Amino acid sequence: MLQTHTPDIGETARDMAEHEPYLVVENVRKTFGDFTALRDASVTIGKGEMVSFLGPSGCGKTTLLRAIAGLDPATSGRIVQGGRDITALPPSERDFGIVFQSYALFPNMTVEANVGFGLRGAHWPAARRNARVAELIELVGLGAHAQKYPAQLSGGQQQRVAIARALAPEPELLLLDEPLSALDAIVRVHLRSEIRALQRRLGVTAILVTHDQEEAMSVSDRLVVMNHGSIEQVGAPRDVYRNPSSEFVANFVGRSNQFDGVTEAGGRVRFGPLTWASDKAADLPLGTRVRVLIRPEDIDLGGQAGPNVADCTLGEEEYLGAISRVRLDGDGVAFNADVDFAQLNALEARHGAPIRISVAPARVLLFPTGA
């Protein structure tokens, strides 16, 4: 296991304002023949931040990571790292360590040899090299496995070796390209928290590429949500989840109930048989066709008051431990709600029972469809 510590308040306050800009990506474009993989991507990453590039397969997140590393140089645009323009530099002249999904360990080398592979030249005399390798092997919790070969290790242990090797040359930037996707679910959960603790301890700036929203939200200071080669939204996980900037972001990050609707007077939206208040409706012209999105956890069962209520019938219940996911069938509209199990029991509601629901106007999200 990676060695962890309890961060103080200063370490857990990850507001961008506290971070000195370290990596600046300006209007980066990448084409492969007639195919445009990146479309004018721009983002600034603070020193010591951990940022996730999040999106579906083919959205451009790995292409952006490889452009930063110089493995697939940008077709146009500019990349500045630590105040130095690295746009045209080869990978060997950039300051980063990288961890791939496949680990890319040398099978004929021990853990010790793999970790120390890149520590060569006058900058790394034998004594310093050996000390650095021993330090990192202990740091990632593999002290008892230093003389083993990759085939003798589990997948999680191999990934720890890959992380140690990437960190060995003391880079200021750590790039993680889907590093956990080949591992089973339980190992992924443990290892992602260990990677986060290690990143905080070392203070290294890190970029994680992933398609797993839970993984990204659990470890990141900020998310960079991408789609079709463009950056859709950049923000703290809570902000991206609670205030998505587009229908795509709302759908990709989290779950939602979705309906087609149209805005009406008084800051309201009509969908199905319901006409509900929405804080977002005031910003849209009357008659705007919209996609209405409501998060399952924003539905209050047993709600009696407010501008947004509906009488439903309690349908199927899916028990998920701390919460239950229930279907609520109304007259011409249906919702899925995530409800605390204790709350559901307190309501003493059973399958087929009538139940009133309510949703706060601030949680009725609207996205124009252009239809």
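Which residue follows helix 6, and is its phi positive or negative? Helix 6 is followed by Gly203, whose phi is positive, near 70°. Welcome to a short tour of this predicted model, in which local features need pLDDT of at least 70, side-chain atom pairs count only at pLDDT 80 or more, and totals for chains, interfaces and linings use all residues. Residues are numbered from 1 along each chain as its sequence is written, and side-chain values use heavy atoms, with hydrogens and water left out.

**Helix 6**

- Helix 6 covers residues 185-202, 18 residues in total; helices here are DSSP runs of H or I with at least four residues, strands are E runs of at least two, and both are numbered from the N terminus.
- From first C-alpha to last, helix 6 reaches 26 Å, close to the 26 Å expected at 1.5 Å a residue (the expected span is 1.5 Å times one less than the number of residues).
- At the start of helix 6, a side-chain oxygen of Asp184 comes to within 3.2 Å of the backbone nitrogen of Ile186.

**Aromatic pairs**

- A search of the whole structure finds six aromatic pairs (rings of Phe, Tyr and Trp, using its six-membered ring, pair if their centres lie within 6.5 Å; planes under 30 degrees apart count as stacked, over 60 as edge-to-face and the rest as tilted).
- Phe106 and Phe117 have ring centres 4.5 Å apart and planes at 45°, so this pair is tilted.
- Phe106 sits in the loop between strand 6 (97-99) and helix 3 (111-115), and Phe117 in the loop between helix 3 and helix 4, eleven residues apart.
- Phe106 is partly exposed at 28% relative accessible area, and Phe117 is partly exposed at 29%.
- Trp276 and Phe335 form a stacked pair, 5.8 Å centre to centre with 10° between the planes.
- Trp276 lies in strand 13 (residues 274-277) and Phe335 in strand 18 (residues 334-340), so the pair ties together parts 59 residues apart in sequence.
- Trp276 counts as buried at 1% relative accessibility, and Phe335 counts as buried at 1%.

**Charges over rings**

- The charged end of Arg128 sits over the ring of Trp124, 3.8 Å from its centre (the cut-offs are NZ of Lys or CZ of Arg within 6 Å of the ring centre and within 35 degrees of the ring normal).

Conventions: A polar contact is a pair of N or O atoms within 3.5 Å; within protein, one must be able to donate a hydrogen and the other to accept it, and residues adjacent in sequence count only if both atoms are side-chain atoms. Buried means under 20% relative accessible area, exposed over 50%, partly exposed in between (1.4 Å probe, protein chains only).
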